[in-house]
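This briefing goes with the sequence and the 3D structure shown here. Please read the points below alongside the coordinates.

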Amino acid sequence: MNTQDQLKKTVGEKAASLVQDGMKVGLGSGSTVYWLVRALGERMKQEGIHIEGIPSSIQTGEWANEFGVPLTDFATTKELDVTIDGSDEVDPNFQLIKGGGAALFREKIIAQAAEKLIIIVDASKMVKQLGAYALPVEILPFAWERTAYEIEKLGCVPVLRLKDGEPLITDNGNYIVDCPFEKIEDPVDLDQKLQKIVGVIETGLFIDMADSVIVGGSEGVTMKEK
Ligand SMILES: O=C(CO)[C@H](O)[C@H](O)COP(=O)(O)O
């Protein structure tokens, strides 16, 4: 396992240790969340705690099944105690860019449903300013070229995300465009402008949502609170 993966494992396990018996937990997506779900399954087996999760992607649901973490859904549960998720960038105000794994729409739903959003990252994701990571935006396949044209007016050239040479289809049946803004001076303003474009389903900007960030770096694990 390389150093970055080791850090992802460490922060995933740290976040799992904060989950308490009886909690309903939003489970994010991505390689860091893999370690979280695995560690939650371990805790359930070893400590006999019982939790229920709502996954933000089909992949995370499969991991939950593999590691024995029971799942519930929003038909039976409207609020979560905590959501734990990875991120692609985190700025000093805890504003986030997410969606590298194309799961941003459901991730935002479980983030909003939770009393607390904990972000787990290795130190490479901590940035002074958002934007070096191309911002993922989920858009409707219908007229996607027009939606991308409107996004372009905001200062980037959106790139349709492909998989095996075809447009990547999200778990919700939509497309993703990756938007290389490079420097996002005002994430709140950009998010508002993007949300106004008809055809934009959701953006990868998570504004004022994260409460804590668990960072794994060379000096160990630090938990930063807002
Ligand atoms: O937003 C996400 C998926 O849509 C992920 O949380 C983000 O891409 C981080 O992934 P990883 O933990 O694999 O670095």
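The model is predicted. The protein contains six helices and 15 strands. Its radius of gyration is 17 Å, close to the 17 Å that the globule rule gives for 226 residues, so the protein is as compact as a globular protein of that length.

**Overall build**

- Along the principal axes, the C-alpha atoms of the protein fill a box of roughly 55 × 40 × 35 Å.
- Of the 226 residues in the protein, 47% are buried.
- When contacts between residues at least 6 apart in sequence are considered, 74% of them join residues at least 24 apart.

**Ligand shell**

- The ligand has 17 residues around it, and G30, T32, G86, G100 and G101 come nearest.
- Helix 2 (31-47) and helix 4 (104-113) are the elements that give two or more residues to this shell.
- By residue class, the shell around the ligand consists of 10 polar, four charged and three nonpolar residues.

**The annotated residue, E107**

- UniProt lists E107 as "active site", and the entry is unreviewed.
- Leaving out residues up to four places away in sequence, E107 touches G28, S29, S56, D85 and K98.
- T77 is 30 residues from E107 in sequence, and the two C-alpha atoms are 16 Å apart in space.

- Three strands form an open sheet in the order 4-5-13, and the pairing is antiparallel.
- Strand 5 (residues 96-97) and strand 13 run antiparallel and are joined by two bridges.
- In this pairing, L96 is opposite F206 of strand 13.

**Loop residues with positive phi**

- A143 has a phi near 55°, which is a positive value in a residue other than glycine.
- The loop that holds A143 lies between strand 7 (135-139) and helix 5 (144-152).
- A143 is partly exposed because 13 other C-beta atoms lie within 10 Å, and a residue would need 12 or fewer to be classed as exposed.
- D208 also has a positive phi, near 55°, and is likewise a residue other than glycine.
- The loop that holds D208 lies between strand 13 (205-206) and strand 14 (212-217).
- D208 is exposed because 12 other C-beta atoms lie within 10 Å, and the exposed class takes in residues with 12 or fewer.

Technical notes. Residues are numbered from 1 along each chain as its sequence is written. This is a predicted model: local features need pLDDT of at least 70, side-chain atom pairs count only at pLDDT 80 or more; totals for chains, interfaces and linings use all residues. Helices (H or I, at least four residues) and strands (E, at least two) are DSSP runs, numbered from the N terminus. The radius of gyration is taken over C-alpha atoms; the globule rule is 2.2 Å times the number of residues to the power 0.38. A residue is buried if 20 or more other C-beta atoms lie within 10 Å of its own, exposed if 12 or fewer, and partly exposed in between; C-beta atoms are placed from the backbone. Two residues are in contact if their C-beta atoms, placed from the backbone, lie within 7 Å. A residue is near a molecule or strand if its C-beta atom, placed from the backbone, lies within 6 Å of it. Ala, Val, Leu, Ile, Met, Phe, Trp, Tyr, Cys and Pro count as nonpolar, Asp, Glu, Lys and Arg as charged, and the others, Gly among them, as polar. UniProt positions are given in the numbering used here, feature names are shortened, and annotations may be inferred rather than shown by experiment. Two strands pair if DSSP finds at least two bridges between them.
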